[in-house]
Every structure is written in C-alpha cells, then in structure tokens.
Amino acid sequence: MTLADTTPQPLEFDCETGNYHTFCPISCVAWLYQKIEDSFFLVIGTKTCGYFLQNAMGVMIFAEPRYAMAELEEADISAQLNDYEELKRLCEQIKRDRNPSVIVWIGTCTTEIIKTDLEGLAPKLEADIGIPIVVARANGLDYAFTQGEDTVLAAMAQRCPTSADIAAKTPVVEKAADQNAVKKLFSFGGKKEAEPTETAVEETVYADHEPLVLFGSLPGAVTTQLSLELKKQGVKVTGWMPEQHYSDLPVIDPGNFVAGVNPFLSKTATSLMRRRKANLINAPFPIGPDGTRAWVEHICDALGVETHGLEEREQKIWDSVEDYVSLIRGKSVFFMGDNLLEISLARFLIRCGMHVPEIGIPYMDKRYQKAELAMLERTCREMNSPLPKIIEKPDNYNQLQRIHAIKPDLVITGMAHANPLEARGITTKWSVEFTFANIHGFSNVRDLLELVTRPMRRNEALDSLGWESLVKG
Amino acid sequence: MKLAYWMYSGPAHIGTLRVASSFKNVHAIMHAPLGDDYFNVMRSMLERERDYTPVTTSVVDRNVLARGSQEKVVDNITRMDAAEKPDLIILTPTCTSSILQEDLNNFVERASFDAQCDVLLADVNHYRVTELQAADRTLHQVVKFYIDKARKHGDIVTEKSAKPSVNIIGISTLGFHNNHDCTELKRLMADLGIEVNMVLPDQASVEDLKTLPRAWFNLLPYRELGCMTAEYLKAEFDMPYVDITPMGVVETARCIRAIQQVLNQGGSDANYDEFIDEQTRFVSQAAWFSRSIDCQNLTGKKAVVYGDATHAAAITKILAREMGIQVVWSGTFCKHDEDWFREQVSEYCDEVLISEDHGEVGDRIAKTEPAVIFGTQMERHVGKRLNIPCGVISAPIHVQNFPVGYRPMVGYEGTNQLVDLIYNSFTLGMEDHLMEIFGGHDTKEAITQTISADADLAWSKDGSAELAKIPGFVRNKVKRNTEKFARDQHIQKITAETLYAAKEALSG
C-alpha cells in the first residue's frame, strides 16, 4: 500500500506460513441458501467437499436443503465426459425437482485445477434452461471460510438491476401483472408507497439523500434492526444485497452509496465500486455498540445527514451490559484467526477493557478495513491498551507455542484446538459461533457478550473444583 | 457427475487419517488445500479428544498450483519431525493433490534423508476407494513396512508366546463404539485365559509392530478394517485369524468356538463350552430376554436394517434369529463387500439392499412401513419424518453416538446393550401408537393460554412480520415481553422498532 509509506501504521503486521485451521469457503452455502430463499446452490466438487458440508452443517443437512453436490467422478477429471452435458443434466433435474429462481454454482479446488470454464459454461446453460446461473469460485486454494460469501456476493453484485433495467421492463410487466405486482414496482423506486396513510409519515422521517444499499448476508431480524437504526437518523436503506429473494436484488445505479456490514466482503466492495460505479462508504463494522455507532456516523457523514442521540444510545447499551463487561475487563484474549471478524471483535473487546496480545486473521485487506483498523488503533489509545500484533496467514503450531507461553485468559479458536486447549487449562471460545450468532447492531450486544463471557461464567461456576488441567505429564 | 446430498462413507483420506491418528506418536501430513483438515474438528468434537489431533496440512494454494510444491512438503515433513519427534509421518494425498499429479513419492524419499522418523506415502486412490477401504489399506501398509523393516534389522519376534495370545485388529479412532468394544474384547480374552499381545491400530506403537507374529492368532471384530492386514500376516507367518464378529449371543459363541479351535490347533487344550453356557444363560440377559414375555410381544414385528456390513449383518441375525423379529430387508452401503454381506444375511431377511443412495434407502423405508428401523443417523432422521422409531447401529454418526458411559456392542455385555437398544426402540413406538389411539396428552390448550390473550394492543404490519421471524419456540415469550414493554411505555401500536426496543430494554 502506498498510503502506508506516507502515514506509517503503528499497528504491527506480520505474516506467517498459512498453516492454520479454518473452514472451507464452500461452507457459505449453509447460510446463504437459507438467506436467499428461492436459490439453489450446486457445489461442483468431490467427495471431500461433500463430506465437509455434511459434517459441518450438522442437523441442517436433514432438512431437505436447497443445496447439493455435483460430485465429480474419475471420468469427469480425465475429460471423458463433457462438462456442459453433465452440468445440463444435473441443472435440469434441479429445475424439475425444485424450480429455483437462481442456481449458484460453487467452483471448488478441483474445478480450478482441471480448469473447468464455469464462467464460460454458465451463460450458455442459463439461456438453455431459462434459470439465471451465478458462478462463484469459493475454493480452498484462494479463500478462507467467510470469504466464500464474498465470492458469491461479488458475483451477485453484477446481477443487481439498474433503474434503467426496471424502467425498460415496466411497461411489459404492467400489462400482465396484477395489482400487487404493480404496487411493488412502484415502491422499488422508493418514492411512491402503496399505503397512503403510512407514506405520509415515512416521507417526513427520511432526509433527502442519495440511495444507499447495504451489502452482506444477515438474518432477516438483524437487517431490520440495522435499517431501523439508520431510519432513526433519517437515512433510508434502499435495499440489501442479498435480499430474502433473488428476484428482489436491489437497484444499484452509478453514484449510489454502498456500505458493508461485515469485514470479509472486500471483493464485493471492489466489484460494486469498479463495475457498478457505486460509492463505497468506508466505515468500521456494526459489531459492538462502539462499532455500530461509528458505522452509523460514517454512513450519515457520507450522505450528509446530521446524527443525533447516538452517544446517549451507545452509553445506554454499555450501561445495560455492564454485568457482562465486568466479567472480562482487564482479562486478555488471543485470536487464532479463522473467519475475518477478528479485527472488529478485538476492537470491541478492547473497548470492553480486555487486552489483546495477538490477532490472527486469514486475510487482511487494509483498504477495505481501513476505518476499522483506524478505530482499533484509536480504541487502544483511549483504553490505554497495548497495540495488538496482527498476524496474517497464521501458523497454528507457532501460535500454540505462544499461547502456552503467555497463557491468555481466553483463546478464540476453531474446534480443532478448543478441546485440547481446555484440557490444558486454557479457556476457549469456539470462533465459528461468532459467524452464526446475531452479533450486529446495538440490539445484539448482549448476545455477543453472552458468547464471549460464557466460558468465563462456566469457569466461575466450576471455580472451586480444582481440576483445570486434565492431561497427564 | 452425480447429484448428491449425503454420503455414507467419507473420502479415502479420512480412512488413512483414522488409522494414522489411532497409532501412538504417528503424525499425518495432508497434501491439501486450506479447509480440508476438517478431520481434526470431527475428532476433537465427536471423540471429545483431549490431545491435539496429530494431523497437519501442507497447504496447496495458488503458488503450489503454479509452480508445484517444490520444497514445501519436504520442509513441512522435516519441520514436524524436529518439533514433535514422531516415529512415523504419513504423507496423505487428498482428492485435490491426486489430480495435481505431483511426485509425492519423491518428496517422501527426500524427506526420509533428513528426517529422524520414518516417512510413508499413503497408497490410496481417491477416486477408487472409500474411507473404509482406505483405512484397511493404510493399516496393511504400515504393518508391512514395519515387518519388512524388522526383518532387515533382524529383530523381528517370531517366537510364539508361552501362553495363548491374540492381536486384536481393527480398533480405530472415530469407529462406532470402538473404544468400548475394545475394553469388552480385552475382558473377554482375559476370561478365556488369552493374553492380548497387541491391539491395532488403537494406541499401538509402530515400534512394537515387530512383535505381532508373537501372538497365536489374530482377532478381527470388524469386517471393514483389518482384513488385509490379517491376510498379510497369514501369508507371511502362517498366523490364523478369527473373523467372526462377536455381536449377539449366537455369534459371540461362534466366535469363541472358532478361537478354541485355533488355539487347540496351536497345541493348547482349551474348552470353552462351559464358559459359553454360563455366560449365555446367566451373565448375558439376552438369552433370557428372548424367552421373556417382553420379547414374545415383538414376534413377527417388521424391522428394516441398514448400515456398514459388520453391524447391519450382525443386527439382522440378532433380530431374526434371537428375537423372532421379521427383517423385511437388510442393507449396506459397503458396495465393495456385497457378496460377503449377501451370504451373511440372505437367510435372515426377506430381501437384501445394496445401495449408497440415501434417497433410495429412505424411499424403501417409506414403502415398507416397518415398526422400527435400525440404521445410521440418516435413517434416524427418515424415521423422525415418518414417525417410526430408529436405533442407531452404525456410522455415520453424531456426537451422541460417542457415549461416555460403557456401551460396547460386542461380547456378552454387548448383548445386554443391544437388548436395551432394540427393546427400547420398539416400546417407544408402541407408546406413541397407544397415545394416538387414546387421543394423546390433553394438556396442550391450557398451557398456551397467556395473559396477552385479550390485549388492548395492536400490532402493526411490520411488527407482526418481525414477530413471525422469531423462532417458534420463543415467539410467545417475545410477544408477551414486547406487549408488557409497550404497556409500560404507553405505546398503542407495536411496530418492529417497539419489538427491538423491548429486547434492548429487557436485556439490561
């Protein structure tokens, strides 16, 4: 980064060997197929991919998921079978059985190595079977865990309509559509609302600003909470990417503003900026009351909207969770790194009064996370906490040596290391839970702290028993 | 290409890793992309393992794709050798690395020069063998390697032990109830006056493999793991083996009689008839259960069985032969062992099903409408959907199938466990059925009456929509709390904002 030369970062960055444990990025289908209700995810890979998904998703696998493996066999690898014909056969079957609005192909390590031209095959097949096919290369060669979602959303960003697309479609659709569909089309522009009584109220609520689209997949309840948070400031969220349905992807016009809700969406941000000509609002992420406030402030600032009442709101949340914060204040936490939420979580926990010796992270995009990194630094200064060392592509073996040397009060880590560390008297929290729990916005701060403090509360409950170390020698 | 949602046996490298991590002081290095080390999670979670799983990855990334692994694999091997000082490192290829066609053998040779430990390349083809076949192969490979090595060093132990002795082959990590089975088998051997020379691969040290030929014979409790090793030891050292799974009263007796025969051929004069009789009639409760009224009520009830070859075959025989239950069909996903399976179960069930397709298995269950299912976790879920009880008898399994309590499937205590498993599955089904006939529990209505039933509060559209997103089991509670909050705040109409304001207020 050229910026780093002129304003040197006091934060220390390091890069290790990349021998660390994380989930394969294809795991993103687990939450994305649930988020996008009319989608079908087809993972084109081997038994290894299928085995991972089936075990990682646990009980979800039994709920007739809208995902499947296109399992490659020896004849596919050696090109004795025709890729196009094979994919066509499977996609036709999916269309017959499930009739989704979109099929997302997830490319894997194997399709990379044998160089299957998924991007080339998709448009042709799309025309043949009449269902949109989105291609995302979420493979373990290039990406870690949550970055899988990034590859899917980056591909989906190209499918968002512009208002010109909508306008071109309107007359045709209008004739055929019923009353409801017409109403829905009107509300797309965000100007005319269907119900006049509520419209009058709403119009006064929002300030006049450029359209804003938020990106990042969050459960429906959390998107509502964040949208309401912005509404309190008079900011209207035009749309979310992704929405509950593929057919509802938001309109993105050149010059519109976009903001991310998660730290692992750098490809999506790039795609929105470069290819959709949107303006990215670089903000810290709405994790923790401090992050949420900063996120709202950055967005309002970019849109030219004045904020009000945020300081009180943040303080009220802090007051309400003091019982939990007091459990972790002054304690140390070590992030082994596997899901890219680490910087935001560390920043929040430092604000809670914790010390962070090391933040492991699979991949560090200093541009996309610029505001978050700046806030981390500022938080350390304000809390008088030493700056953490940020380790990109960590080496788990080395990390374990460091953990055993410094004995942190809490290690946030994957399941592969959690039980062995606990057996050695080191308290752990399973990192994957942060990905699946609701942790965004003011409303979920308690849930977030619930996760972080759970091992502490467990320790308190078992305190007097005297069997912390449970290995021999 | 094949459209697939679920598989019964994992990819080949899982089999290799199960064998490698069963041994003491053996380390496996996978040649795999990031994220393929999910094995460690499974071992740590399912087995609740206290130690770090001795499996690491030499990561295949873009650079490796562009210019090959070069020094990387060798470096990772020598580094692990220096840090952990294992006896053996097994380089484990994955589906990804096998299509890269790098010369992994060459890496192993080069690493052997620098490393203090032995280095092996697991010899398994990812596109041709399953997890189970790969485990069998890897165990054979390791045993052969150390037998050859001992021969070269001249320190192989071929002299038989003074007392009758046995090697128990096939106990491995992530195996269905393997640790309990192992304890039960050792106990059985002690009762029979047989010394356990070695257990393989569980907790075995590779340096001790040279003493394998010391045992009088090998015992193979499972069909899936150990056959190749036993055949090899028979060919090399003329060691006899007993491959009758001691699961169920009749098969346990058959297994013990086979052991008796093997020992007597080796010059002993064992006679276990009295032991078998005493155990069968008075220690195990299974024989008595078969005569009891409880079991009489099960006569002719329909069951289906599905699982790996060992467990599905054994359970089928127990149901049909020892309990008079009608097994409508019995099936396995071990396609490679089809002939053996057919031969084992044909006379005990109406039909045999060989399939790896869970959809087909599910459809067959629906069509059969049995009173009970004995299968894997997948069949348990089919049972849930169809309201048919299911006893889990085989992998693939969940954490609940790694019980902490003593639950062997083999030997005489195993017969007791199986009686409980089978009888409890049936009675639960009966209870359910009776409940339905008599109208079920009648308390439902009273429970759901809440104070908010006649509330003066209105819910706005978005408020109701938001409430609908809350998971069912807490929705009523959230509704009550929100309405209480709204009343306290004098809010007339509850919106989505009110809902979340209530959440924040109450969480304080």
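Me: What should I know about the numbering and the model before I start?
Reply: Residues are numbered from 1 along each chain as its sequence is written, and chains are lettered from A in the order in which they are written. In this predicted model local features need pLDDT of at least 70, side-chain atom pairs count only at pLDDT 80 or more, and totals for chains, interfaces and linings use all residues, while side-chain values use heavy atoms, with hydrogens and water left out.

Me: Why is Asp36(B) called buried?
Reply: Buried means under 20% relative accessible area, exposed over 50%, and partly exposed in between, with a 1.4 Å probe and protein chains only; Asp36(B) has 14%, so it is called buried. The residue is placed in the loop between strand S2 (26-32) and helix H2 (38-46) of chain B, where helices (H or I, at least four residues) and strands (E, at least two) are DSSP runs, numbered from the N terminus.

Me: What does Asp36(B) touch, and which UniProt annotation covers it?
Reply: Leaving aside residues up to four places away in sequence, Asp36(B) touches Thr48(A), His13(B), Met30(B), Thr94(B) and Thr96(B), contact meaning heavy atoms within 4.5 Å. The unreviewed UniProt entry places the annotation "binding site" on Asp36(B), and such annotations may be inferred rather than shown by experiment.

Me: Why is Trp467(A) called exposed?
Reply: The relative accessible area of Trp467(A) is 52%, which lies over the limit for exposed, so the word applies. Trp467(A) is found in the segment after helix H22 (445-461) of chain A.

Me: How do you know how much area is buried between chain B and chain A?
Reply: Buried area is the accessible area (1.4 Å probe) that two parts lose on being put together, summed over both, and for chain B and chain A this comes to about 6,400 Å², of which carbon and sulfur atoms give 59%. Met1(B), Leu34(B) and Tyr52(B) supply 16% of the area that chain B buries against chain A, more than any other three residues. In terms of contacts, 61 residues of chain B meet 84 residues of chain A.

Me: What makes the pair Glu74(A) and Arg128(B) a salt bridge?
Reply: A salt bridge is a side-chain nitrogen of Lys or Arg within 4 Å of a carboxyl oxygen of Asp or Glu; the closest N and O atoms of Glu74(A) and Arg128(B) are 3.0 Å apart, so the pair qualifies. Between chain B and chain A the count is eight salt bridges.
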